[in-house]
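Biologist: I would like to learn how to read a structure feature by feature. Could you take me through one?

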Amino acid sequence: MTLRSILLAPSKLLQRRGIQNLYRQYASGHREIPALTKERYPIKRGKFSEVSDGDIARFESILGGKNRVLTATEEIQGYNIDYLGSVRGFSRVVLKPKSTEEVSEILKYCNERKLAVCPQGGNTGLVGGSVPVFDEIVISLQLMDKIEKIDEYSGILVCQAGCVLETLEQKANEKGLVMPIDLGAKGSCHVGGNLSTNAGGLRLVRYGNLHGSVLGVEAVTAEGRVLDLMSNFKKDNTGYHLKHLFIGSEGTLGIITRLSIFCPTASKSINVAFLGLDSYESVKNTFLAAKRNLGEILSSCEMIDALSLESSTYHFNLQSPIEKYPFYMLIETSGSNIAHDEEKLTNFLESTMEKGLVLDGTVTNEPTKMRNIWKLRELIADSLINDGYCFKYDISLPLDNFYDIVLAVRDRVGPLATKVTGYGHIGDSNLHLNVSCPKYGSEIHKLLEPFVYEYTSNVRGSVSAEHGIGFLKTKYLKYSKRPESLLLMTQLKGLMDPNGILNPYKVLPQV
Ligand code: FAD
Ligand code: 2HG
Ligand code: ZN
């Protein structure tokens, strides 16, 4: 078969991804409101104070008014339920600071009163970390969305933590730059949330993770101390490198209020290829060929299995540009020379097709068509939730064993699941194993856990490649962290948050 360039019919029914849609579904009764976390999981409330009317009055005086202190049930429902509909807390108050000083005052007061808090960004996290477990006070960063500086010379962007990732991407583009991170939740997630989860995303293969791109952070500790760890330089070897403690600690060590991040120069030439393949073995070999042939212009390398694509095309009424195959790959190149990049891509495609690795494919550099191909991939996560309920496992696995777990889980859960699918960032050895079913059930849950984590640990994988530990995985952290490391993490938490008020019940296992 020869390579075809297919004209993609623009889909009229493309739905915008969006967390707001999910919450509207709760409000309208189209989605079942999840059980309270304390009812679904065996967990005991810590010895924290309960929010009193006096506390609310104090918060109103710090924030200067009622509209930044939400207490009405219908206003705070969305802040208590996570994106997946897997956990639900019952906080009675949401605080919306606008400045670092306000965050500092709130935390100082909460620490003195022993009131537990849950920092929240865009609430798109997939591990139950962004909502309260019990009645923790939600501190939403929504109003901290100022962009302070974008310097086209150095590529440095400085902003508050509540900026939405997609907005930053648009503003960076205006200066000829791109954000070094991109993910399906970009329209809702905050950059502060991205840092707090050390989010990976679709272009990590090219730009590396946030520990490399983030130059500085400003964070407020549990006791209300403002730590200015901002820096505008890539090179600053004045250790200890404290900023890294806040990247990936999921709001358990401090609240990130500002940051400075390095934005690479936007590429002049971008191509997207969507390929059909017959086996996982072919996917693996095509990835190797992509690295070897495309080298520095490879900016994304994603794998999608047949059921995953079926899910996004079905639920969002999208059209695949190629026929059905057992596996698909989305490969993106970003470079500075159109002719050079196209020559490389053509050589890569010709050689993989000659070898019988790639059976069919389409390539485009037209923005609308590229966006439509990306939608097929980015909407998989959302689409599987539309089956009713979705257990999501985000694991790092050696490429030799990458897809076997999907088959093992499919066997194990049988008809209890609607779909058992595997897709994800093969360029970073990161598989998204998703198991959808009509509604949450403890029977299927018990078949899945700890099985998935034991399997992952047996091949020395990671139980969380990019989504974090949150609330849902604390029990399983031990499969990826040795006891000495867990002890040091607990000691650090004790040092930085002596009263344990910051996002309790998250990351560290409950004792
Ligand atoms: P939230 O969900 O609000 O919070 C996440 C955690 O960070 C919580 O523990 C919260 O307490 C803490 N937190 C938030 N803001 C702060 C702050 N300012 N200071 C301290 N703590 C804070 N993740 C990936 O890694 N890669 C992907 O490709 C990816 N794709 C996704 C696609 C979809 C459709 C969805 C729904 C999610 C996806 N995610 C992905 C998961 C999620 O979007 C990321 O984890 C994201 O970084 C969370 O950002 P947020 O602002 O929504 O944070
Ligand atoms: C993605 O890569 C996200 O699309 C979400 O990380 C993965 O929902 C998932 O399992
Ligand atoms: Zn992902």
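The dialogue below goes through sheets, ligand surroundings and some backbone features.

Biologist: What kind of model is this, and how are its parts numbered?

Modeller: This is a predicted model, in which local features need pLDDT of at least 70 and side-chain atom pairs count only at pLDDT 80 or more, while totals for chains, interfaces and linings use all residues. Residues are numbered from 1 along each chain as its sequence is written, chains are lettered from A and ligands numbered from 1 in the order in which they are written, and side-chain values use heavy atoms, with hydrogens and water left out.

Biologist: How do I read a sheet, and in which order do the four strands of the open sheet stand?

Modeller: Strands of a sheet pair through backbone hydrogen bonds, either parallel or antiparallel. Helices (H or I, at least four residues) and strands (E, at least two) are DSSP runs, numbered from the N terminus. Two strands count as paired if DSSP finds at least two bridges between them. Here the order is β1-β2-β4-β3, with mixed pairing. At the edges are β1 (69-70) and β3 (117-120), each of which pairs on one side only. β1 and β2 (residues 94-95) run antiparallel and are joined by two bridges. Val 69 has Leu 95 of β2 as its bridge partner.

Biologist: Which helix packs on this sheet?

Modeller: Helix α5 (residues 100-113) does, touching β2, β3 and β4 (137-140). Contact means heavy atoms within 4.5 Å. The direction of α5 makes about 165° with that of β4. Axes are lines fitted to C-alpha atoms, for helices over the stretch in contact, and angles run from 0 to 180 degrees between N-to-C directions.

Biologist: Which strands stand at the edges of the five-stranded sheet?

Modeller: That open sheet has the order β5-β6-β9-β7-β8, and its pairing is antiparallel. β5 (147-151) and β8 (226-229) are the edge strands; each has a single partner strand, so one side of each is left without a neighbour in the sheet. From one strand to the next, the twist averages 10°. Four bridges pair β7 (residues 214-220) with β8 in the antiparallel sense. Opposite Ala 219 is Leu 227 in β8, and opposite Val 217 is Leu 229 in β8. The hairpin of β7 and β8 has five residues between the strands, and there Gly 224 takes a positive phi near 90°.

Biologist: Now the ligands. Which residues come nearest to ligand 1?

Modeller: A residue is near a molecule if one of its heavy atoms lies within 4 Å of it. Of the 35 residues around ligand 1, the nearest are Pro 119, Gly 121, Thr 124, Gly 125 and His 190. A polar contact is a pair of N or O atoms within 3.5 Å; within protein, one must be able to donate a hydrogen and the other to accept it, and residues adjacent in sequence count only if both atoms are side-chain atoms. A backbone N or O atom of Pro 119 is 2.6 Å from an oxygen atom of ligand 1. For an N or O atom in the side chain of Thr 124, the distance to a ligand 1 oxygen atom is 2.7 Å. Taken alone, ligand 1 exposes 970 Å², and the protein buries 97% of that. Such accessible areas come from the Shrake-Rupley method with a 1.4 Å probe; for residues, only the protein chains shown count as cover.

Biologist: Which element gives the most to the shell around ligand 1?

Modeller: That is α7, with five residues.
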